[in-house]
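Let's look at how two parts of one protein chain meet. Have the structure open as you read.

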Amino acid sequence: MKLRGNSWRDVTPGGLIPWPGNSRQYETGDWRTRRPIWHKDRCIQCYRCWVYCPDSAITIKDSKVAGIDYDHCKGCGICAAECPDKVVALEMIGEEEAIQSVEGFKEAKSDKEEKGEKPNA
Amino acid sequence: MPKKVIMKGNEAVALAMRQINPNVVAAYPITPQTEIVQIFSSFVSDELVDTEFVTVESEHSAMSASIGASAAGARAMTATSANGLAFMWEVIYIAASLRLPIVMAVVNRALSGPINIHCDHSDSMGARDSGWIQIYSENAQEAYDNMIQGIRIAEHEDLKLPVMVTMDGFIISHAMENLMVLEDDKVEDFIGEYKPQYPLLDIENPVTYGPLDLYDFYFEHKRQQAEAMRIAGRIIKNVADDYEKLSGRSYGLVEPYYLEDAKVALVVLGSTAGTAKACVDELRLEGKKVGLLKIRVFRPFPYDEIIEALKGLKVVAIMDRSDSFSSFGGPVFNEVRSAILSLERPPITLSYIYGLGGRDVNLKDILGLYHDLEEIVFSGEPGEVLRYLGVRES
């Protein structure tokens, strides 16, 4: 079955979920109040961020760190904390600031465009 | 042919459960419900049913196991009383919100404390906001009939709501009565095959029951649950109509008794309705315009039927076999009074708390009560709203 809409008439009884694996559709990125910004030029490809990210939100392309999956990154900051002190290829900025800043906007935009979606930033 | 038998209320309920032949019964014994579990377990041992009987370690587990079984796709039943129902508290709400059509017999008994094993309605009245349909029985016949109808009501595709069928502890559960019982195959046909909507055991179509549901959707799910309760009255009546064709016994949400031309009336649930009917019969022979409204279904609350039935009366005594401790009358009083306030000339309403902890209410008590109501019609002075019937005042 498919959910027809969001009204009380449409939801499943008791909130049961007859769509196995639908957590994939849940964009936990909405929860974020702080956003990691990845600086490609400073990154030494040590993969520490990829190893420690609890949400598998560090994207890898051709075996290289390629950016951040903002649809699922909750903004915990572990990647920035784990990024080596001499490198600082990841920094945390406020989500509001990110939305307003050109750099943050570009990050979010390019990430969405890769998936063929409209940016939400 | 239907058979006339002599049985106690507990035996009648256990018999109904045998005829229903549920897939799972998970139950824990508690006075005065114990016999239901004991008799049913002998049906299991004697292989008279196909039921998986789960002997749990508590009522919390009894309801939890019933929920698990029902979610798995089984027709699940249980029974309890008093503190057992109170111990189920947390999970009865979950059964209702998960829309699991479990049918449970509640043999009404006073809640502790002081500890007491006899009848009052404090147990099921406390569960009135849990989202379960509640059907009160006047005698063993009704308890038997309500259990069978309960299955059809609970499992109706538009409802999927759990049903509590109550009967007064000891007064009905342990008293011998004549009653008519149906043939096994007639009951089987009436309840039909249970077709669960989202059974967990359907591994081709996996579902998740009971996920976290926060402010973004909890409200919608509760609204949907409330809607099922809103339409339940109509479905309960339809099931009663079908049952009448089978049994010849007629049931409504309420049962008016000599109300058409009555000036005064009682509103009552459970076995006291029988006592009050005998009083009405007696007073009617004397030409007194007295009547009675028995509430059979308390959840959903049949406000339309109650308003219609109590229209034109002068004084109504609303009887509660439990106290709400609000200091403004019992739960039945508050809901009935609130419903009939929409009448242009609502009757004077009085709250009578009676029969707590099994305190006997006999014909003399009810006759005296009708007399008091007639006095009020005569004097026009309602006096105290909140009254206690049968308590030692001196």
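## Polar links across the boundary

Keep in mind that this is a predicted model. Between domain 1 of chain B and domain 2 of chain B, there are 15 residue pairs in polar contact, with both residues at pLDDT 80 or more.

Salt bridges show up here too: the count between domain 1 of chain B and domain 2 of chain B is six. One of them pairs Asp129(B) with Arg299(B), and their closest N and O atoms sit 3.5 Å apart.

## What domain 1 brings to the contact

Which elements give two or more residues to the side of domain 1 of chain B that touches domain 2 of chain B? They are helix H6 (122–126), strand S6 (133–136), helix H7 (140–155) and helix H9 (218–247) of chain B. H9(B) gives the most to this side, with five residues.

As for the kinds of residue on this side of domain 1 of chain B, 12 are nonpolar, nine are polar and seven are charged.

In the contact, domain 1 of chain B takes part with 28 residues and domain 2 of chain B with 25 residues.

How much area is buried between domain 1 of chain B and domain 2 of chain B? It comes to about 2,000 Å², and carbon and sulfur atoms give 54% of that.

Conventions: Residues numbered from 1 in each chain as written. Chains lettered and ligands numbered in written order. Predicted model: local features only at pLDDT ≥ 70, side-chain atom pairs only at ≥ 80, totals over all residues. Heavy atoms only, no water. Contact = heavy atoms within 4.5 Å. Buried area = accessible area lost by both parts, 1.4 Å probe. Salt bridge = Lys/Arg side-chain N within 4 Å of Asp/Glu carboxyl O. Polar contact = N/O pair within 3.5 Å; in protein donor to acceptor, adjacent residues only side chain to side chain. Helix = DSSP H or I, 4+ residues; strand = E, 2+ residues; numbered from the N terminus. Nonpolar A, V, L, I, M, F, W, Y, C, P; charged D, E, K, R; others polar.
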